[in-house]
Amino acid sequence: MHISPRPADLPAGPDHETVPADARPLSRAAKGEVGRVVRVGLNGALHDSLDPDELERRLLEIGFVEGARVEILHEGLFGRDPIAVKVDDMRVALRRREAEAILVTRWQPASLHAVAEDRRS
Amino acid sequence: MNAVTPVLQTGAPRMALVGNPNCGKTALFNALTGSRQKVANYAGVTVERKEGSFTTPEGRRVQVLDLPGTYSLRARSPDEEVTRDVVLGRFKGEAEPDLLVCVADATNLRLVLRLVLELKQVGRPLLLALNMFDIAKHRGIEIDVDRLAAELGVPVVPTVAVRKAGTVDLLKHIDAQVVDLALAAAQGVSQGANTWHEPSAEEVRATHREADRIIKLAVRPPTKPDTWTTRLDAVLLNPVAGLLILLTVLFFMFQAVFTWAQPAMDGIKAGFDALAAWVNGAMPDGILRSLITDGIIAGVGSIVVFLPQIVILFTFIILLEDFGYMPRAAFLMDKIMGGAGLHGRAFIPLLSSFACAIPGIMATRVIDNRRDRLATIMVAPLMTCSARIPVYTLIISAFVPDRPVAGVFALQGLVMFGLYAAGILSALLVAFVMRRLVWRGTVEPFLMELPAYKVPDAKNVVMSVWTRAKAFLQRAGTTILSIMILIWFLSSFPGAPEGATEPAIDYSIAGMIGHWLQPLVAPIGFNWQMTVALIPGMAAREVAVAALGTVYAVGGGEENVTALMDTLGHSWSLATALSFLAWYIFAPQCASTLAVVRRETNSLKWPVIMFVYMLTLAYLASLATYHVAASLGWA
Ligand SMILES: Nc1nc2c(ncn2[C@@H]2O[C@H](COP(=O)(O)OP(=O)(O)OP(=O)(O)O)[C@@H](O)[C@H]2O)c(=O)[nH]1
C-alpha cells in the first residue's frame, strides 16, 4: 500500500474540466494497465442498473475520485469480468458495467514523480 | 436538534460504533463487551442488531451498539439506513447515541476520514478510534495522532482490538468524554446543531479533497508495502487457480459440515433418546408423559441436533471472513451465480444447504444486499438437505431395481443423482425468475472493497461463533419448539378408542386431516396413509419415514425399514412412489426451516411466500410425474 498524494491542482468534478483526448472508460482496460481517473460519472448518460447520480456517488464513496491512481490487478474468468482494481492504496472489486462510468487516462510519469517527491519529504 | 443529551439522566450512556466495512469494528465490539452482548434484529427490518455493555476503568457502565459498516451516512441499503437513522437519532424505538465512536482501519484512512467529516456534521460527541494500529506500525506507516486530531477537530485514539491492552486508551477517552457529557447535561448545555444532509456528488468530492489534505499533513506512507496480500491475491484471484482453490475450500467445508458434525449429532440424538427413555420409565403412561417425551424432549432434541452443523459451518465462515477471503470468493463466483440472478456470495449459503437449509439460511448473512439475500433464502430449501436422504433411500430401495445402467452406473445411484440435480436446477430457476421477473430492473451493482488479508484472531473467532450458536438456540428454539408441540398435539389427539384396530395416529386430528385432504392429493397419486405420514413429517423431513411405519403399522425402529420397504412395495404403485419423490424435492416439509426464515427475515411474509411457492411447485411436479408415469403404464 502507498498513500499517494494527488496533484493538488487537479480539476475536480465533471463540470469544469477538460477530459484528455486519450481518456477511455475503465471498463475497457486490461489486466496490468495503470491509469489516472479523470472523470467519474456518466455525464448525463443512462446506466442500466442504477440512477447515474447514485452510481456516481457510490463510486466516489468507495474511492474512485478524480486524480486517483487505478491499476487493474485481476480479471474474472468469464468475459474477464468482474475486475479487481487497485485504487490509490486500496483494492476494490467491481463489474465492468459499473466501471464504464469511470474515465481514465494513462498514468502520467509526472505524477509518479510527485509520489517519489512526497516520499522523500 | 438542540436537545439536551437524552439518556444520561435515565440510564447508562449509549455509544455507537460506526465505520467502513472490515475496519475491525466487530473485533473492537467483542474486545469491549466480552460476552456481555446480544444479537437480535432491528424492529421491522431484516438487519442484525448487536448490542452489549461494558464498565469503564472508572466504573461507569456504558452501552455499545455495533452498527452496520458503511462508507457514508447516505444510506444505500437497509443496513446502511439503520446506521444512518440510528446515528441521526431517527430510528424508531432506538435511543439517540450519546457518543459516536468512528472506527478506522489505520492502514487505510482515506475513505474513513471522509466518513468522519460527514459524521462531524451530525453534531454529536465524536471520537475516532484508529484501529489496527499494530499493523500500521508494523508496515511503517507513521501517523501523527495529535496533528490528525487537530486537523479533524475530533479526539483520536489508537486501538488494537485483538490485544488485551489495545483498548486501554480508548476506555480512558470514553471516561473523559462521559464526564464531559455529564457536565454538559448538568449545566443544560445543548449539543451542536445537526447540519448533516445527504451530500451531493460535488460535496463527496469536496470531503475527499479535505481528507486528502489531512492525510498529507498527518500520515507518512508505509515503508513496507503489504506484499502478502499482493502475493496471495496473485494465486487466490487467478481466474483458474483461484476458482479451483475456492471449490476445494467449499468442498472441504461441505464435507466438514456433513461428516464431522455426524458423531456430535448422533451423540446429541442418543442423549435425548436416552432422556426420553428414562422419562418413559420413570413416569406412568399418559398424556403428560407423551407431552414431555414426544413433544418437548423430541422437539428440543430436533433443534439442538443442528447445533454441531451450525457451529462447524460458522467456524468456517467466520475464519474465511476474518481472513479476508469472503469478498474474493464473491469476486470469483459473481459471474457464475449472476447467470441465475444471484449474488456471488450466495454460493456459500447454498452449498451449506446441502447439509441443512437452517445453517444455510443463517449463512445468508454474508450477503449485504437485501434482495440478493432474500432470493438466496427463498431457494436454499430446494437444495437437497441431508434430512431428505432417509426418505429418498427408502423409496429408491423399495421401487428402483438395483441394476446397472450402461454397464458402469447403478440405476439407484442415478436416480439419487437425478434428485439432487433436480433440486439444484429448480433452485437456480426459481432464483432466476425471482430476480428477473419479480424484482426486475434492480440489478444491484457489484462494488466491494477487497481488504488486506489478516491472520484470524482465535479468541475473536470463538466469540463470534458462540454468539451465533446462542442466537440460534434462543431465537429459532422458541418458535421451533412451539411448532413441535403443535405437531405432537395434532398427532396424539384424540387418542385411539377402546379396542381400536388401526394405529392410534389414524384417530388423531392428523389422521382426520389426512382423510380430509385425501381428495386433494388423489390427483397426484397419494393415498391417505401418505398424507397422514406427511403431517408429523413437517417436524423434520426424515420423520416421515417413521410416520409411514406407524400408519402402515409396521412398527418403528431402524431394523424395520426392510419390512416397511416390502409393505410399500406392495401397496404403492411405481407412479405413486415417483410422485412422492417429486413431492419431496419441492415440498416445504420442514417447520424448522420456515421458523428460521421467519426469524431471519423478521417477517411473516417471507415464510408464507416460501410455503406457498414450494407447495405449488411440489403439487405440480407430483401431478406431472404421476400422470407421465401412469401413461407409461406404471400406475
Ligand atoms: N492485527 C489486528 N487485527 C485486527 C484488529 N482489529 C481487527 N482485526 C482483525 O481484522 C479482521 C476484520 O475484523 P472485523 O471485526 O470482522 O471487521 P468489521 O469491521 O466488523 O467487518 P464487517 O463486519 O465486515 O464490517 C479480523 O480478522 C480481526 O481479527 C487490530 O486492531 N489489529
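How far apart do the end C-alpha atoms of residues 340-362 of chain B lie, and how much of the span is helix and how much strand? In this predicted model, the end C-alpha atoms of that span are 21 Å apart, with 52% helix and 0% strand. Helices (H or I, at least four residues) and strands (E, at least two) are DSSP runs, numbered from the N terminus. Residues 374-400 of chain B are 63% helix and 0% strand, and their end C-alpha atoms lie 37 Å apart. Both spans are among those that an unreviewed UniProt entry annotates as "transmembrane region" in chain B, which also include residues 240-261, 296-320 and 608-629. UniProt positions follow the numbering used here, feature names are shortened, and annotations may be inferred rather than shown by experiment.

Residues are numbered from 1 along each chain as its sequence is written, and chains are lettered from A and ligands numbered from 1 in the order in which they are written. Because the model is predicted, local features need pLDDT of at least 70 and side-chain atom pairs count only at pLDDT 80 or more, while totals for chains, interfaces and linings use all residues; side-chain values use heavy atoms, with hydrogens and water left out.

The contact between the chains (heavy atoms within 4.5 Å) draws on 47 residues from chain A and 51 residues from chain B. The size of an interface is often given as the accessible area lost when the parts come together. Here the buried area (accessible area, 1.4 Å probe, that two parts lose on being put together, summed over both) is about 4,400 Å², with 57% given by carbon and sulfur atoms.

Polar contacts are pairs of N or O atoms within 3.5 Å; within protein, one must be able to donate a hydrogen and the other to accept it, and residues adjacent in sequence count only if both atoms are side-chain atoms. Across the interface, 16 residue pairs are in polar contact, both residues being at pLDDT 80 or more. On the side of chain A that touches chain B, two or more residues come from each of α1 (52-61), β3 (69-75), β4 (83-87), β5 (90-94) and α2 (96-99) of chain A. The largest share, eight residues, belongs to α1(A). This side of chain A divides into 21 nonpolar residues (Ala, Val, Leu, Ile, Met, Phe, Trp, Tyr, Cys and Pro), 18 charged (Asp, Glu, Lys and Arg) and eight polar (the others, Gly among them).

A salt bridge is a side-chain nitrogen of Lys or Arg within 4 Å of a carboxyl oxygen of Asp or Glu. There are 36 salt bridges over all chains, and the count between chain A and chain B is 10. In one of them, the closest N and O atoms of Arg110(B) and Asp88(A) are 2.7 Å apart. This pair links helix α3 (residues 110-120) of chain B to the loop between β4 and β5 of chain A. Arg91(A) and Asp233(B) also form a salt bridge, at 3.8 Å from N to O.

The chains also share an open sheet of seven strands, in the order β1(A)-β6(A)-β2(A)-β3(A)-β4(A)-β5(A)-β12(B), with antiparallel pairing. The edges are β1 (24-25) of chain A and β12 of chain B, each with a single partner strand, so one side of each has no neighbour in the sheet. Strands pair if DSSP finds at least two bridges between them. Three bridges join β5(A) to the antiparallel β12 (residues 447-449) of chain B, where Val92(A) stands opposite Glu449(B). Within chain A, β2 (residues 34-40) and β6 (residues 102-106) pair over five bridges, with Val104(A) as the bridge partner of Val37(A).

The loop between β3 and β4 of chain A holds Arg80(A), whose phi is positive, near 50°. Pro82(A) is in this loop too and is joined to Asp81(A) by a cis peptide bond with omega about -5°.
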